[in-house]
Amino acid sequence: MIITHLAQAVNRLKNGLVVAIPTETVYGLAADSSNEIAVKQIFSYKNRPQTNPLILHFHNSEAAFEQARSVPEAAKILATHFWPGPLTLVLPKKPHISDVITAAQDTVALRVPAHPLTRELLLNFPNGLVAPSANKYMQTSTTNATDVAKQFANDDVWILDGGPCSQGLESTIVAFKDNVPVVLRYGAITVQQITEVTKLEVLQNIPMQTVVPGMHKKHYAPKAQLIVTENPVQTLRALTDKTVGFIGVNQEAAKLATAAFLYNPENLQELATNLYRLFHQYDAQNLACIVVEKPENIGLGQTINDRLKRAATSI
């Protein structure tokens, strides 16, 4: 059920029920973090294993940092620059935080989202809301209320409609090693942006014991076969016997597809904002394949390629 009144969402959450909420990144499936039964309901609705931790959302950085035993200086700098916004910080947790939220880890993932409706909602929950992406486990994230409703058509989930998400990709998740930022999940905040504000060399692809959301080899997957290619014309010519959705910049390739979305190659945010929406749209059209022209692997392109790699994985 899609709703538009904030009070309805507040009442359901305070009564221990689950509500899908908008953020600037993707929609989240939210529950009051202080209600362990409600938190466990999220795992049930998503078919998500409880070994996969959740992100705690707060109205401001002060409330978020209250959950941590210690906060590195680099974390404070990042929060100053990117909160409210699409950044999640992984910090040592205080004992009061439930092991159900953190998957029994000694760390907690914290975020202050930027969506104005959800920020107002969070004022009513001083202990924060947990809110993993509003989709079934390993399937495509949702960036509008209609797609959330389709995902949870058989579940008692109300959806607070905050319009389409502006970013379209999940938050960047950052942990710290001796005050140095370690990117655990690529997201809407790029490695280059983190380096610029911290003046530190950001660590990537290093072994960390911390488990965070979105790191399964297969994730974000549409129902259609997803093919990522640097030569879309050649790829589409080999698929003439199939219905194909195309996402890219090559106009010749677009003419070969059943449905196509062309974006400005100088504006990767346009691709990021629309990627998940298009996955859902092409699945609704029952297309057999989705062909995505691979963007350059830098900046936001690094995040997009991470999602495409996981979404195209067959295991």
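I started at Trp83 and listed its contacts (heavy atoms within 4.5 Å): Ser61, Ala64, Phe65, Leu78, Leu89, Leu110, Arg111 and Val112, leaving out residues up to four places away in sequence.

A note on what I'm looking at: this is a predicted model, where local features need pLDDT of at least 70 and side-chain atom pairs count only at pLDDT 80 or more, while totals for chains, interfaces and linings use all residues. I number residues from 1 along each chain as its sequence is written, and side-chain values use heavy atoms, without hydrogens and water.

Next I looked up the nonpolar cores (sets of buried Ala, Val, Leu, Ile, Met, Phe, Trp, Tyr and Cys residues joined through side-chain atoms within 4.5 Å; buried means under 20% relative accessible area with a 1.4 Å probe, protein chains only). The largest has 48 residues, and Leu29, Leu78, Trp83 and Leu89 touch the most other members. Apart from it I found another core of 23 residues, including Leu169 and Tyr282.

Then I turned to the strands (DSSP runs of E, at least two residues), which pair if DSSP finds at least two bridges between them. Four of them form an open sheet with parallel pairing, in the order β12-β15-β13-β14. I noted β12 (225–229) and β14 (259–262) as the edges, each pairing on one side only. Strand β13 (residues 244–248) has four bridges to β14, and Gly248 has Leu262 as its bridge partner there.

Last, I checked a helix (a DSSP run of H or I, at least four residues). Helix α11 (residues 268–284) lies across β12, β13, β14 and β15 (289–293).

Terms used:
Buried < 20%, exposed > 50% of the residue type's maximum accessible area, 1.4 Å probe, protein only. Axes fitted to C-alpha atoms, helices over the stretch in contact; angles between N-to-C directions.
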